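Q: Hi! Could you walk me through a structure? I'll start with one residue and then zoom out.

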Amino acid sequence: MKEEDFSKSIEVFSGSPWEAEIIKGLLESNNILCVIKDGIMGTLAPYIAPSVSILVTEEQYEAATELIRSRAEKDSD
């Protein structure tokens, strides 16, 4: 398996650590590789870093944002 280069990554989500884990699971179950930024700080010291971010590669940005958008629409129904 080819290792992804996250040096040119783009944020697709920012929120609480537990929300980020749900979004990460959603993306990974749809074959979109992602990483959580500030995940350890959000868990160890939530008062310092109350939100964490999910980053994807430039190539997967469109697919990731569409997937997150469709999930948000389903949740609001």
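Q: Is Ser-14 buried, exposed or partly exposed?
A: Ser-14 is partly exposed, with a relative accessible area of 41%. Buried means under 20% relative accessible area, exposed means over 50%, and partly exposed is in between, using a 1.4 Å probe and protein chains only. Bear in mind that this is a predicted model, where local features need pLDDT of at least 70, side-chain atom pairs count only at pLDDT 80 or more, and totals for chains, interfaces and linings use all residues. Residues are numbered from 1 along each chain as its sequence is written, and side-chain values use heavy atoms, with hydrogens and water left out.

Q: Thanks! Where does Ser-14 lie, and what does Ser-14 touch?
A: Ser-14 lies in strand S1. Leaving aside residues up to four places away in sequence, Ser-14 touches Ser-51, Val-52 and Ser-53; contact means heavy atoms within 4.5 Å. Helices (H or I, at least four residues) and strands (E, at least two) are DSSP runs, numbered from the N terminus.

Q: And how are Ser-14 and Lys-37 placed?
A: Their C-alpha atoms are separated by 9.3 Å, and the two residues are 23 apart along the chain.

Q: OK, the sheet next. What is the strand order?
A: The order is S1-S3-S2, in an open sheet of 3 strands with antiparallel pairing. S1 and S2 stand at the edges with a single partner strand each, so one side of each has no neighbour in the sheet. The twist averages 30° from one strand to the next. Two strands pair if DSSP finds at least two bridges between them.

Q: How many bridges join S1 and S3?
A: S1 and S3 pair over 6 bridges, in the antiparallel sense. One of the residue pairs is Gly-15 with Val-52, its bridge partner in S3.

Q: Zooming out, in what order do the elements run?
A: From the N terminus on, they run β-α-β-α-β-α, with 3 helices and 3 strands in the protein chain. Of its 77 residues, 30% count as buried.

Q: Which residues of H1 are buried?
A: Ala-20, Ile-23 and Leu-27 are buried in H1. Seen down the axis of H1, the buried residues fall within an arc of 65°, so they line one face of the helix. That arc is taken from the directions from the helix axis to the C-beta atoms.

Q: Why would spaced-out residues point the same way?
A: An α-helix has 3.6 residues a turn, so residues three or four places apart point the same way.

Q: What do the buried residues of H1 pack against, and which exposed residues are on the face turned away?
A: The buried residues of H1 pack against strands S1 (9–15), S2 (34–37) and S3 (52–57), and against helix H3 (61–76). Trp-18 and Ser-29 are exposed on the face turned away from the buried side of H1.

Key
Axes fitted to C-alpha atoms, helices over the stretch in contact; angles between N-to-C directions.
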